[in-house]
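This note is written for a reader who is new to protein structures. Please keep the sequence and the model open while working through the numbered points.

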Amino acid sequence: DSLESYYQEAGRAGRDGQPARGVLFYRLEDKRIQSYFLGGKYPRREESQALYALLRELWERAEGKPVSLKVLTEASGLAANRVKVLVAWLAGADILERSSRGLRRLRDFDSADELASYLSAYEQRHQGDRERLRHMQHYGQTTDCRWRLLNAYFGEPEVEDCGHCDNCEERAAGHFDAASPDRLATPPG
């Protein structure tokens, strides 16, 4: 799921100083699937703002009573899953509380600036997730030494090729011309 997790597991495998073997299951289609999930996890700013404004309006009409998720979804015109993501986002900001009776207002954003700041932080997390996905894809396709790539990802000093990863072994067997961080392997079909 991320290079951080992969690195942690690889470290555990080799902790005793003995050789360890790990398997990375990678398909190019995985990027499309993960990109799809990231799109659902991070709605556009306009959707977030519009749903929040609608929810405030519904709360005003309900005179302090909870608003049902069904009513919010129907009024928004958004897909139910998208509304659930946005409601989770607002719950994470302590704007609302979810219960069996509906969505209860806890507070409003103090200002338009607070809302904008929260949305910006959310967008930065989205960009970070996209970057991690890009790094994981590069890791899966590179012909460079995997250990060296991991070190670079974590900002560690540059190291020589490890000589033990699949790419180093393939290069030693003459299957790759030379190590190149820009050269990508063709994933298995």
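In which helix is Trp-89 found? Trp-89 belongs to helix H5, which spans residues 80-92. The points below start from the overall fold and then return to this residue.

1. Overall composition. The model under review is a predicted one. The protein contains eight helices and two strands. Read from the N terminus, the order of the elements is α-α-α-α-α-β-β-α-α-α.

2. Burial and surface. The protein has 189 residues, and 28% of them count as buried. Its accessible surface amounts to about 12,300 Å², and carbon and sulfur atoms contribute 50% of that area. Among contacts in the protein with a separation of 6 or more, 58% are between residues 24 or more positions apart.

3. Leaving aside residues up to four places away in sequence, Trp-89 touches Ser-48, Phe-109, Leu-115, Tyr-118, Leu-119 and Tyr-122. Ser-48 lies 41 residues from Trp-89 along the chain, yet the C-alpha atoms of the two are separated by 8.9 Å.

4. Helices H3 and H6. Helix H3 covers residues 45-62 and helix H6 covers residues 112-141; their axes come within 11 Å and cross at roughly 140°. H3 and H6 are therefore oblique to each other, since an angle must be over 145 degrees to count as roughly antiparallel. The crossing of H3 with H6 is right-handed. On the H3 side, the contact involves Arg-45, Ser-48, Gln-49 and Tyr-52, and these meet Leu-115, Ala-116, Leu-119, Ser-120 and Glu-123 of H6. By class, the residues of this contact comprise four nonpolar, three polar and two charged. The student may note that Ser-48, Leu-115 and Leu-119 take part in this contact and are also among the residues that Trp-89 touches.

5. Helices H6 and H7. How do the axes of H6 and H7 cross, and within what distance do they come? They come within 10 Å and cross at roughly 165°. That angle makes H6 roughly antiparallel to H7. The crossing of H6 and H7 is right-handed. From H6, the contact is made by Arg-132, His-135, His-138, Tyr-139 and Gly-140, and from H7 by Arg-146, Leu-149, Leu-150 and Tyr-153. Four of the residues in the contact of H6 with H7 are nonpolar, three are polar and two are charged.

6. In H7, which runs over residues 146-153, the buried residues include Arg-146, Leu-149, Leu-150 and Asn-151. Of these, Arg-146, Leu-149 and Leu-150 also contribute to the contact with H6.

7. Positive phi at residues other than glycine. Glu-63 is not a glycine, but has a positive phi of about 50°. It sits in the loop between H3 and helix H4 (69-76). Glu-63 counts as exposed, because its relative accessibility is 71% and the threshold is over 50%. Asp-94, likewise not a glycine, has a positive phi of about 60°. Asp-94 is located in the loop between H5 and strand E1 (96-99). With a relative accessibility of 48%, Asp-94 counts as partly exposed.

How values were computed
Residues numbered from 1 in each chain as written. Predicted model: local features only at pLDDT ≥ 70, side-chain atom pairs only at ≥ 80, totals over all residues. Heavy atoms only, no water. Helix = DSSP H or I, 4+ residues; strand = E, 2+ residues; numbered from the N terminus. Buried < 20%, exposed > 50% of the residue type's maximum accessible area, 1.4 Å probe, protein only. Contact = heavy atoms within 4.5 Å. Areas by Shrake-Rupley, 256 points an atom, 1.4 Å probe, with all protein chains shown as cover. Axes fitted to C-alpha atoms, helices over the stretch in contact; angles between N-to-C directions. Parallel < 35°, antiparallel > 145°, perpendicular 65-115°, else oblique. Left-handed = near helix turned anticlockwise from the far one by under 90°. Nonpolar A, V, L, I, M, F, W, Y, C, P; charged D, E, K, R; others polar.
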